[in-house]
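Please read the points below alongside the model.

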Amino acid sequence: MTSEFLTGGRRKLGTAKTKVIRAFGGGRRRTVRVDGGTVVFYTAYGVSRAVRPFREDSVRPGIKQIHSNIKKEPNLTRRTMVRDAYFESVLQSDQYAFPRIFVSVNPFGESPLTALALFTTQQSCRVRVTVKGNTPRTDYTYELPSAKRHRVPIVWLYPNRENKVLLELLNEPGDVTGKLEIPVTTGELPANLCDVIKVNKVSEDPAIKRLLVSGGVNINTCAFDEEGEIRFCLKRRTKGYGIFPLSKGRFIYMEKDRANATYTNPQCAQYHEMDYLGRSFMSYLTDRGIHHTVEERDARRIMAGTNTLEEHCEDAVCEIDRQTGEIVWMLKIVDVLGDTYVDMVDWAHVNSAAYNEEDDSVIISLRNVHAILCVDYSTKELKWLLADPDFWKGTPVEDKLLKPVGDVKWCYQQHSAFILKEDLDGDPNTRNVVVFDNHWNKRRPAESFDGDEEYSYATFYSVNEKEMTVSLFKALAVPKTTIRSNVILCREKNRVYAMCGNFNVQDDGYAGGLLELDYETGEILSDFRVKPGYFRGYEFDPCFEELVKPAQIPADYEVGALVKPRKAEQDELSGLVFDPEKRIPDRENTELRMIMQEDCLFLRALDHTVRKVYYRGENGDYVQDLDRTRQTMAHIFSDALYYNSMQIDTLPPDYYEIYLDYNGEILYTGKHIQKDPPEA
C-alpha cells in the first residue's frame with residue numbers, strides 16, 4: 001500500500017473535466033495494488049477537499065444575499081448535490097478505466113457501511129457485486145444494469161474491518177469478462193450500536209435475510225444479517241420514530257433535533273427523502289411538525305401524522321406534496337370522531353395512516369382510543385370504525401362500528417394498521433386488515449378490556465364494508481409489547497414478522513425483538529433481540545437500479561415552510577428593553593446555540609424557554625413567535641433540548657441584531673443577520 005498527496009493544475013477553464021483536475025489538487029488519496037488491478041481510495045478528507053469547486057454552483061436563489069456571524073451548517077440535500085456532481089465528474093473524466101478504479105467509503109457522509117466505486121469499460125457490460133460475508137450464507141450478491149460508465153454502489157459492509165468485495169464484469173450472455181477483488185476498510189460502529197443485536201434462533205430459510213430496525217430512544221438506524229452482524233447503519237440518530245421506507249429504495253429520514261414545540265412532545269420540523277447510500281434528494285420543512293408515521297401515496301404525495309396545535313397534538317393526519325412541501329390535505333381527528341374522548345392533550349395519538357387507492361380511503365390507527373378507522377379521502381367522512389363496541393357505545397359514531405361476526409378479539413393501544421393487498425380469506429367481499437395489537441390497557445383504560453396481560457398479537461381482520469361486519473381471521477401471539485411495533489406479512493413464504501419494539505418484560509436486558517413466525521401455526525422460527533428496543537422494523541431493501549443513477553435534485557431542494565418573522569407592532573415593543581449589554585451568559589446557558597442553514601435559523605434551547613426571537617433592524621423590527629403552545633407534560637418533556645426551527649426568507653433587506661425573550665427576559669445574542677437586496 002502507498003499513500004500520496006496529489007498536486008494538480010489551477011487553471012480555471014470552466015469544464016467538468018477541469019473541475020476534476022482542480023478538485024484533485026490538495027486532495028488525499030490512497031492507492032492500493034490488488035491482484036489484476038489498482039484501487040484509488042479517496043478518504044473522507046480527500047472528498048471534502050475535492051468537492052469545494054462544486055459548491056458555488058448549487059446555492060439556492062436568494063441564499064447568497066444572507067450574511068451572518070451565526071455558525072453555518074450545510075443543508076443535507078445540497079451536500080448530496082455537491083458530492084454527487086463531483087463523483088459524476090470523476091466518472092465522466094475517463095481517468096479510471098477498469099481494472100483501475102476509484103473508491104470512496106461513506107461517499108455522502110451519512111452511511112458509513114457503504115462505498116461507491118467508479119470506473120469505465122470499453123464495452124457495455126453489467127457488474128455483479130459480491131460483498132463477502134463471514135460464511136457463504138451471509139454473502140450479499142447483486143447485479144447492476146449494463147453500462148460503459150459505472151457507478152457501483154457497495155452496501156452491506158461489516159464495520160471496523162477490511163471487507164472483501166468482488167466486482168465481476170458480465171457480457172450480454174452472462175459470461176465473466178473481467179473481475180477484481182478489492183479491500184474496503186470501514187470504521188467502528190457508533191457506540192450505541194455495539195452489542196445491540198442478540199440471535200436466539202434463526203430459521204433455515206428466513207423470509208427476510210436482511211432486517212432493519214429504526215427509531216426508539218437510543219439507537220441509530222441499522223440493519224443486520226442472519227448472524228446478528230450489523231452491516232448497515234446511518235451515521236446520525238433520527239427522531240424517535242426512525243425512518244420510513246418509500247418506493248425505489250428511498251426513505252423519509254426525520255431529523256432528531258430539528259423540531260418545534262407542541263403541547264407535549266416536540267415534533268419533527270425538518271426531514272429528508274434519502275437512499276441507503278446516504279444521498280438526500282429533497283429536504284422538507286413542516287412548521288406544525290410530523291410524527292409517528294410517513295406512508296407513500298404515490299410519486300407526488302406522502303401521508304404523515306401531524307398536529308392541530310389547537311390545544312391538542314398528535315391528533316391529525318396530513319398529506320404533503322413531495323415537490324412543493326405544501327400540506328395539500330389535512331384531517332383533524334376530532335372532526336371525524338367528535339369530542340367524546342377529547343379529555344387530554346394527546347387524546348387520539350395517531351400512529352399510522354395510509355391511503356388506499358382501491359376505494360379512495362385512508363386507514364388510521366389511534367392508540368389512545370383503541371381504534372382503527374377508515375375515512376373517505378374526498379369527503380373526510382367516517383366509513384367504518386374497527387374497535388371494541390362497548391368502548392364506543394353511546395357515542396356519535398356508534399353507527400359506524402363494525403359488527404363482530406364470531407368471536408372477535410379487539411385491539412387495545414394498537415400500532416401500525418394497514419389494509420393488505422393480499423386476499424387472505426378468499427372472500428371477494430372482504431378486505432384484510434393487519435395490525436400490531438399491543439393489547440395494552442394503560443394509557444386510557446377500557447372497562448371492557450378482556451384482561452389479557454400476557455400477550456400482544458400480530459392480528460389479521462376480515463372487514464366486509466357492505467355488511468359493516470368484521471371477523472377475526474388470525475391472531476398470532478407474541479410476548480407482551482407495550483408500545484411501538486409493526487407487522488410484516490411474507491405471504492409467498494408463509495411467514496409473518498412481528499416487530500416487537502418494546503417488550504413489557506426485557507429478555508436479559510434486551511428490550512425489543514424481531515420474531516419470524518410460521519403463518520399457519522404461529523411457531524417462532526427466528527428470534528432476534530434488540531438491546532435498547534426500537535420503533536419499527538423493516539426489510540433492508542435498496543434499489544440498485546436507482547443507486548447507480550446520478551442524483552436528480554431540483555434547484556429548489558428545500559421546500560415547505562417554518563414559522564417566519566412578522567412585522568413587530570409598536571405597542572408590543574413598548575416597555576421592552578433591548579439592552580446590548582444584557583447578553584446571554586456563555587457559561588450559564590450553554591444549551592442556547594444558534595445555527596444558520598441557508599435561510600433557516602435553528603435555535604437550540606430547552607423546551608418552551610425561548611418565547612420570541614426579535615430582529616432589531618435599522619429600518620424596522622421583526623419578531624418570530626415561539627410561544628404558540630405551552631407544555632402540559634413538563635414532568636416528561638421540560639428537559640427536552642432541541643433546535644427550534646424557523647425561516648428568515650421573508651425578512652426585508654436590512655441589518656438585524658438578534659434578541660431573545662428567554663424565560664421572560666430580553667437578552668442580546670451577540671448575533672446578527674444582514675440581508676442584501678436581491679441581485680439585479
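1. Cys500 is buried, at a relative accessible area of 0%. Here buried means under 20% relative accessible area, exposed over 50% and partly exposed in between, with a 1.4 Å probe and protein chains only.

2. This is a predicted model: local features need pLDDT of at least 70 and side-chain atom pairs count only at pLDDT 80 or more, while totals for chains, interfaces and linings use all residues. Residues are numbered from 1 along each chain as its sequence is written, and side-chain values use heavy atoms, with hydrogens and water left out.

3. Over the whole structure, the search finds zero disulfides.

4. Lys612 belongs to strand 43 (residues 610-617); strands (E, at least two residues) and helices (H or I, at least four) are DSSP runs numbered from the N terminus. With a relative accessible area of 14%, Lys612 counts as buried. Its side chain makes polar contacts with two aspartate side chains: Asp625 at 2.6 Å and Asp627 at 3.3 Å. A polar contact is a pair of N or O atoms within 3.5 Å; within protein, one must be able to donate a hydrogen and the other to accept it, and residues adjacent in sequence count only if both atoms are side-chain atoms.

5. Beyond four places in sequence, the residues in contact with Lys612 (heavy atoms within 4.5 Å) include Arg566, Val623, Tyr659 and Asp661.

6. The count of aromatic pairs comes to 33. Rings of Phe, Tyr and Trp (its six-membered ring) pair if their centres lie within 6.5 Å; planes under 30 degrees apart count as stacked, over 60 as edge-to-face and the rest as tilted. Phe98 and Phe119 make a tilted pair, 5.2 Å centre to centre with 50° between the planes. Phe98 lies in the loop between helix 3 (76-92) and strand 6 (100-105), and Phe119 in strand 7 (residues 115-131), 21 residues apart. Both Phe98 and Phe119 are buried.

7. The pair of Phe460 and Tyr519 is edge-to-face, because the planes stand at 80°, with ring centres 6.2 Å apart. Phe460 is in strand 30 (residues 455-464) and Tyr519 in the loop between strand 36 (512-518) and strand 37 (524-530), so the pair ties together parts 59 residues apart in sequence. Phe460 is buried at 0% relative accessibility, and Tyr519 is buried at 2%.

8. One aromatic cluster includes Tyr140, Trp156, Phe232 and Phe540. Elsewhere, the charged end of Arg231 sits over the ring of Tyr158, 4.0 Å from its centre. The cut-offs are NZ of Lys or CZ of Arg within 6 Å of the ring centre and within 35 degrees of the ring normal.

9. Strand 47 (residues 665-675) pairs with strand 4 (residues 66-68) in the antiparallel sense over three bridges; pairing requires at least two bridges found by DSSP. Ile66 has Lys675 as its bridge partner. Strand 46 (residues 654-662) is also antiparallel to strand 47, over eight bridges, with Tyr656 opposite Ile673. Strands 46 and 47 form a hairpin with two residues between them, and Asn663 in the turn has a positive phi of about 55°.

How values were computed:
A disulfide is a pair of cysteine sulfur atoms within 2.5 Å.
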